[in-house]
Amino acid sequence: MRLFVGDDWAEDHHDVELMDERGRVLARGRLPEGVAGMARLHELIGEQLGEGADDAEVVIGTETDRGPWVGALVAAGYTVYGVNPLQASRYRERHGVSGAKSDRGDAHMLTDMVRTDSHQLRAVAGDSPGAEAVKVVARTHKTLIWERSRQVQRLRHQLREYFPAALEAFDDLDAPDALELLGKAPDPAKAAKLTRAQISAALKRARRRDIPGKTTVILAALRSAQLGQPPAVTAAYAVTVRSLVAVITVLNEQVKTLQGQVEADFGRHPDARSTGPSPVWDPSSAPGSSANSATTRTGISAARPARTTPAPAPSPVPPERGRSSSPGSSATTGSPTPSWPRPSPPSAPRPAPAPSTTPSAPAAPGTTPPCANSPADSSASSTDASKPAPSTTKPPPGPQREKTPQSDIAA
């Protein structure tokens, strides 16, 4: 059995309605806030469940997801859905066009909403006290940041009306240096009298960089020709700007204080380690690295060979067709011909290859046989000992080898 409850809460009372799975209203009532009201709600639910209370599920919809009342409902084992007020308003428009709103009607609407659309809602989770503390300070921290943004927009609007030069001089109106200088000189006449030493001191206290350059820019903007307002209007604007500067200064201090509290509460939460930033990798824990490399970024490279170590000489491999004139070697003289600026590392002379058991073909006339003991062989491309090296000597005209007479073939 499932029982659905709608709870329209106010500051001092709660209007509730109970409904079954078919949409039939079972009970209604107005409960006081506090322990007495919670006890009366349990009685209403118990009366409707009767003997099947152990197997029943109670689903409650209310327009908030926090507070002692919601915490008590979750602790009692009820399934609580915190309905957004905008969602509730849109749902109300689906069933009525008059726009009439009452506490009893809202309780009915919430009850029917969790009965039909609970799959579209998010249930309130029973968080730990640590998580609730993080939520409280984080929510207040966010609210103060939003409030500071609104006050800065108001300050920008005021300055645009009578002191546009300040908008050119200060990029961030909520910065400490801008607030300090606007508090000292909130009108154009006083701002034009600010000295270079005063502006530089404010920038230094705000820990700005390039103080001389920024001071020059601010002075040029504050002393430039600008359209203004009459003296009486300018004085009125200056008063409002000074008040806004004081409010923003206090908000800056409280935002910073709450930020530290959020970090402290979040750090004490048990899940902070798993949801926080990933730790910095320690190279000393890598295999093959020493403890001295823990402070370097290349501790893992200790197990790798250095780049300056010359590569071992390649084993003699029969060349492929067309590779006798590879880059870096000459096919005619065997001397190295570098094709890139990096010099080749010297290699030790290799022993002459062993004689092949297969008789090689005789060299053609006019060709130069390869020299096995030539020192230039280490830098030239590897060649087979049984294959003659090409030569640049132009062969004499005529056939390169004698043709066998036909008579010999016949014999």
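**Legends to close-up views of a predicted model**

The protein chain contains 13 helices and seven strands; helices (H or I, at least four residues) and strands (E, at least two) are DSSP runs, numbered from the N terminus. The model is predicted, and local features need pLDDT of at least 70, side-chain atom pairs count only at pLDDT 80 or more, and totals for chains, interfaces and linings use all residues. Residues are numbered from 1 along each chain as its sequence is written, and side-chain values use heavy atoms, with hydrogens and water left out. Of the 411 residues of the protein chain, 27% count as buried. Here buried means under 20% relative accessible area, exposed over 50%, and partly exposed in between (1.4 Å probe, protein chains only). Among the contacts in the protein chain with a separation of 6 or more, 57% come from residues 24 or more positions apart, where contact means heavy atoms within 4.5 Å.

**View 1. Packing of helix H3 against helix H4.**
Two packed helices are described by the angle between their axes and the distance between the axes. Helix H3 (residues 85-95) packs against helix H4 (residues 103-116) at an angle of about 95°, and their axes are 10 Å apart. H3 is therefore roughly perpendicular to H4. Axes are lines fitted to C-alpha atoms, for helices over the stretch in contact, and angles run from 0 to 180 degrees between N-to-C directions. Angles under 35 degrees count as roughly parallel, over 145 as roughly antiparallel, 65 to 115 as roughly perpendicular and the rest as oblique.

**View 2. Crossing of helix H7 and helix H11.**
Helix H7 (residues 176-184) and helix H11 (residues 231-268) have axes that come within 9 Å and cross at roughly 150°. The two helices, H7 and H11, are therefore roughly antiparallel to each other. H7 passes H11 in a left-handed crossing; a crossing is left-handed if the near helix is turned anticlockwise from the far one by less than a right angle, and right-handed if clockwise. H7 contributes Leu179, Leu182, Gly183 and Lys184 to the contact, while H11 contributes Arg242, Val245, Ile248, Thr249 and Asn252. By class, four nonpolar, three polar and two charged residues form the contact of H7 with H11.

**View 3. Leucine 182 and the buried residues of helix H7.**
In H7, the residues Asp177, Ala178, Leu179, Leu181 and Leu182 are buried. The elements that cover the buried residues of H7 include helix H5 (129-162), helix H6 (164-169), H9 and H11. Leucine 182 lies in helix H7 and is buried, with a relative accessible area of 1%. Not counting residues up to four places away in sequence, leucine 182 touches Leu155, Leu159, Phe163, Ala166, Phe170, Leu173 and Val245. The C-alpha atoms of leucine 182 and arginine 242 are separated by 7.3 Å, although these residues are 60 residues apart along the chain.

Histidine 14 belongs to strand S2 (residues 13-19) and is buried, with a relative accessible area of 2%. The side chain of histidine 14 makes a polar contact with the side chain of aspartate 7 (3.1 Å), and another polar contact, of 2.4 Å, joins the side chains of histidine 14 and glutamate 33. A polar contact is a pair of N or O atoms within 3.5 Å; within protein, one must be able to donate a hydrogen and the other to accept it, and residues adjacent in sequence count only if both atoms are side-chain atoms. Leaving aside neighbours within four places in sequence, the residues in contact with histidine 14 are Asp7, Asp8, Trp9, Gly29, Arg30, Leu31, Pro32, Glu33 and Trp69.

**View 4. Glutamate 11 in the loop between strands S1 and S2.**
Glutamate 11 is located in the loop between strand S1 (2-9) and S2. Glutamate 11 is exposed, with a relative accessible area of 77%. Its C-alpha atom and that of glutamate 33, 22 residues apart along the chain, are separated by 7.6 Å.

Arginine 207 is placed in the loop between helix H9 (196-205) and helix H10 (211-222). Although arginine 207 is not a glycine, its phi is positive, at about 60°. Arginine 207 is exposed, with a relative accessible area of 77%. Aspartate 210 also has its place in the loop between H9 and H10, and its phi is near 50°, a positive value in a residue other than glycine. Aspartate 210 is exposed, with a relative accessible area of 53%.

Key:
Nonpolar A, V, L, I, M, F, W, Y, C, P; charged D, E, K, R; others polar.
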